[in-house]
Every structure is written in structure tokens, then in C-alpha cells.
Amino acid sequence: MSTASARTPKLGVQAATKVYRTASGDLLALDRCSVDIQPNEIVSIVGPSGCGKTTLLWSMSGLHRLTGGAILLDGKEITGPRPEIGIVFQEANLLPWRNLDANINFPFEIKGEKPDRAWIAHLLHRVGLDGFGGKFPRELSGGMQQRAAIVRALALKPSVLLMDEPFGALDSFTREEMNRLVEEIWLDTKTTIVFITHSIEEAIFLSDRVVVLTTRPGRVAKIYDVPFPRPRSLEIMATKEVFDLTNRIKMDIVGERRPQAQEQPEHKSAEIVRIRP
Amino acid sequence: MSGDDAIPEFSKAKSGDGREVSLTNLSAFAGGPGIKSGAEVAAILAVAVVIIGGIELALRLFHVPQYIMPPPSSIVYALFDEFPLIAPHLGYTLVELVSGFAIGAVVGLVMAAVITQFPFAEKIVAPYILILVTTPMLALVPLLILRFGFGYTPRVIAVALAAGPMVMINAATGFRRVDSAKIALARSYGASTLQIFWKIRAPMALPMILVGLMIGAIFGLLTAVGAEMVGGGFGLGNRLTSYSSMIQMPQFFAVVLILSTLGILIYVLFFLIGKKWASWET
């Protein structure tokens, strides 16, 4: 068992396939995605919008059932929500009728457990939210809300943290600050993190590996190693290696888009020049 | 929970984030009483004094007969003078209102909570609810009196019938405000359907429930007074018909004053409850 577990990935995504049955027909969102996420690893998933990133993350969290394939947590198939998995949602997703303390206690309430006060206090201190427990979400900035959401996700001490474009709605300075916070927390806890993002810079800053998905249906196009040492300083992030890697990933995503534009038959005339943002 | 084939689209889930309610439905609360500065209070009082004083002066100056419009001072005098006689009737009306409203509100809330869980059942029930909401329940009072006599029963039933559907449609609107991200959050911790109802759906619905309760209570008051005017020997509605038939206009208007005070109290009550429990919305 011990030898086996040393080789067992934390999260094993095996040919994960998801078809949504919608009113306008079946929609293949994920097509045989496979990736092994090792313990204590940070893996980012990037790709054009609508590539099934969120679908993949929902499947990892057990909120979704896959149409085909399997996702294994510590070698056991995920069939429903698991306490070992914490999720940080888009736009914080705090409950607006609860103050911060009550929001962070929410997981414990659902589980019928006593909140681990010392751990929560430690986390709140870690993210710089001491003394904000009585505040309501609307009284806090977007960055602070997302910090609270991170505390809520870590409160049950999950071994895997799934983050679904958590900082997409934040301004770029707050976003960088939050990225540093995630890195710090990771250096602290070594929680396995799966991070979904639009931002290649964010992905490279945070990750050990970056998974690039193709447009619908989502397939794993490439997986890049990000070998830079941690903590990743501004100097490291400004090196040519980082710049090159960013561009390679960008080319993957843009190159993926280009043949699509040519497929559109309605503009055959050479006179028409389309400028796409 | 069959969220299995719903495409998770958080960033577009704006329709469910609750903010649309504050603008359209809770605007009544938003513009309600609030703490005002001394100057504002003085200005409001001054305008009131000018208007009421002006009416008083005009009525006396032009010798408007009492049976057309009594001056404000005589209305206030009648209110205090006649209050011991009016008080028991106020009590009757309040008993009808409170008991009828309680029955209607509980039935309406339970029905809204159950119906919204089953979209198909909702479609079947919707037209009947619409009929209940749009039909003035006062129309049924003569029938109810025939069946139940002149006592409390027909009036309590009428109040419940008037308040219940109002509570129900508003509460149902609240319960229908599904925020898939918040439900996903609860489900990710393994929440049961019941936990999702009490910890996500119910609090999300609360602002709309309060709006429904307020409208229901006001409709209940209207119906109670109307039913008292139709038949039976007691209640504020009965006072209105009897004072007007005796052309005791100051007393008549004193009762009107009591009724509008009741309406304002209902409004303020739900305003305060909303401020305490649903202020996260605004």
C-alpha cells in the first residue's frame, strides 16, 4: 500500500468526458481529458473561454457526474462532494446575509461539526482579516471577500484546494497580491492546488505545471513544466525564461483559435478584413 | 438536486445574485422612514403644520358644512372623545386581521416553499393562484356570511383568502431565486436538500417573503374593513357605515385616521423587520 500510494497521484483525471444535455442538443464539453496531479503540486488549467475549465473543476469537486472516464482522489473514484476537497469559487461566493464569521462557520454548520476556532483565527490572521469577523460581505472589497472565501475553503483542512478563476473579477494589483497570498499559503500548508484561470501570467506565477485545454470540446492540448524556484520574486517573473514560456502558452491558445476563424465561410471575399479583438 | 446537467456559468449568474430585488421590490423599504437630521424633521413638521392648518383655516373661512368635510381639529377632538366607544371595534378588527393573516401567511408560505420545489406542479397551480390574487376576496364576503353567519368566521376566512395568495406569489418569487453557485457551495460540503432549503433558499427568499407579508397584511386590513362594512354589527368597517349613515363626519374621519395609522404601522413593522433581517439586500 505504501509503495502504491507513493505513485498514486493526488488527483488522477482519467479520460474525463462530460456531455451536457441541453435543449438544443448534446454538448460535448470535455473530451477524454487525462492529467495526473501529484500531492503538494500546484497545477493551473488555462484555455480559451468555454473550453471546459470550470466543467473539469466541477467534475473534480464531485458536483458533477462525468459522462465517461473517472477522476480519482488518492486512488478512489470521486462520485460526490468530498470533505478532503475545498473549493474557492468565482467572485468569492460568500453568503451575503451572513457576516464573515458566520460565512466561515458555514461548512462546519453543514457538517454538524464544531468550528476549529484556533485554526480559523490562524487563517484569518494569515490572510490579514483579523477583526473583520463581524463585517458583512458587502462591506468588504472584492479582494477581502476572496480572502474570506479562501479561509472558508481551508477551514476544513482539505488536502486539495480547487480554485475556479478566483481572481478574475479583481483589478490587476489586487490580483497580484492575491497570487502572492496563495503562494504563501501553499508554502505554509503544501495543499495540492488546482487553479483555473484566464491569465497565463497568473498560471505561470503560481504553478508547478500548466495544463492547456483546447476549445470545446475541451481536450488536454499540452502540459508545461514551470521549473522556476519559489517564492517567485518579481525578478524571476521578469526573466526571459518566464517571458518565453508565457509566449509559448499564448501561441498555443491563439494558434488553437486561428483555424476556427478560417472555417467561417461567409467571408470568402478577399476585400473583407476582419479585425478580431 | 438535479444540477447535474446544468452548465455551470457563474459569471453570468447575475440574475440570481439578489440585487435585482432591491431595486424593484424593496424600493418601498428603501424610501421608508429613516433617521433624519434636526433641520429635516423641522422642515417636515413645518410643511405638515402649514397643510393641516391651511385646510382648517379654509374649511372655517368658507363655512364648509361638517357633513361635507369636518375641520381637522374636530376630527382630532372626535378621535379622543369617541375613542372609548371605538376601541372595542378596533380590537375586533385587529383580531380578524391578525388571525386571518396568520392563517393566510402560513398556508401561503408553505405552499410557496413546496410548489417551487416542483416546477411542473407550479405550472398546474399557477392559474388558480392568479385567480386568487386578482379576484377581490371582498366579493365572496356575502357568500361567506350566508354560510358562516355574522360572526368572526367569514371575516377571518376573507382576510386569509386575501392575504394568503399575496404572501404566496411573493414568497414563491423569492424561493425561485436560485443561485447555482451558492447551492453548489452548500452541496460541496455535502449539504442535504433540507439544509440547502434552510441555509440557502430560505435566506435568499427572505426579502421577498417580507415584501409578500407586508402586502398580504395590507390586503388583509382592506378585506377585514370591507367585510365589516358588508355585514355584521362590529368592527371598524361597521363604525364607518354607521357613522356615515348618522352623518357623524368627525367620528367617521376619526375612524379613517385610525385605519390609516394601522396601515402605516403595518408598513413600519415590516420595514423594521426587513432592516434587521434582510438589509444585506440593499
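**Chat on chains A and B**

Q: What percentage of the 282 residues of chain B count as buried?
A: In this predicted model, 36% of the 282 residues of chain B count as buried.

Q: And how many helices and strands does chain B have?
A: Chain B has 11 helices and zero strands. Along the sequence, the pattern is therefore α-α-α-α-α-α-α-α-α-α-α.

Q: How is chain B divided into domains?
A: Domain 1 of chain B covers 36-65, and domain 2 covers 75-281.

Q: How far apart do the C-alpha centres of those two domains of chain B lie?
A: The C-alpha centres of domain 1 and domain 2 of chain B are 33 Å apart.

Q: What about contacts in chain B between residues at least 6 apart in sequence: what share joins residues at least 24 apart?
A: Of those contacts in chain B, 80% join residues at least 24 apart.

Q: Turning to chain A, what is the strand order of the sheet there?
A: Chain A has an open sheet of four strands in the order 2-1-4-5, with antiparallel pairing.

Q: Which are the edge strands?
A: Strand 2 (25-37) and strand 5 (76-77) of chain A are the edge strands, each pairing on one side only.

Q: How many bridges join strand 1 to strand 4 of chain A?
A: Five bridges join strand 1 (residues 11-22) to strand 4 (residues 68-73) of chain A, and the two run antiparallel.

Q: Which residue of strand 4 is the bridge partner of A:Thr17?
A: The bridge partner of A:Thr17 in strand 4 of chain A is A:Gly68.

Q: Which strands does helix 2 of chain A lie across?
A: Helix 2 (residues 53-61) of chain A lies across strand 1, strand 2 and strand 4 of chain A. Helix 2 runs at about 115 degrees to strand 1 of chain A.

Definitions and conventions. Residues numbered from 1 in each chain as written. Chains lettered and ligands numbered in written order. Predicted model: local features only at pLDDT ≥ 70, side-chain atom pairs only at ≥ 80, totals over all residues. Pairing = 2+ DSSP bridges. Contact = placed C-beta atoms within 7 Å. Axes fitted to C-alpha atoms, helices over the stretch in contact; angles between N-to-C directions. Domains from an automatic or database assignment. Buried ≥ 20, exposed ≤ 12 C-beta atoms within 10 Å, placed from the backbone.
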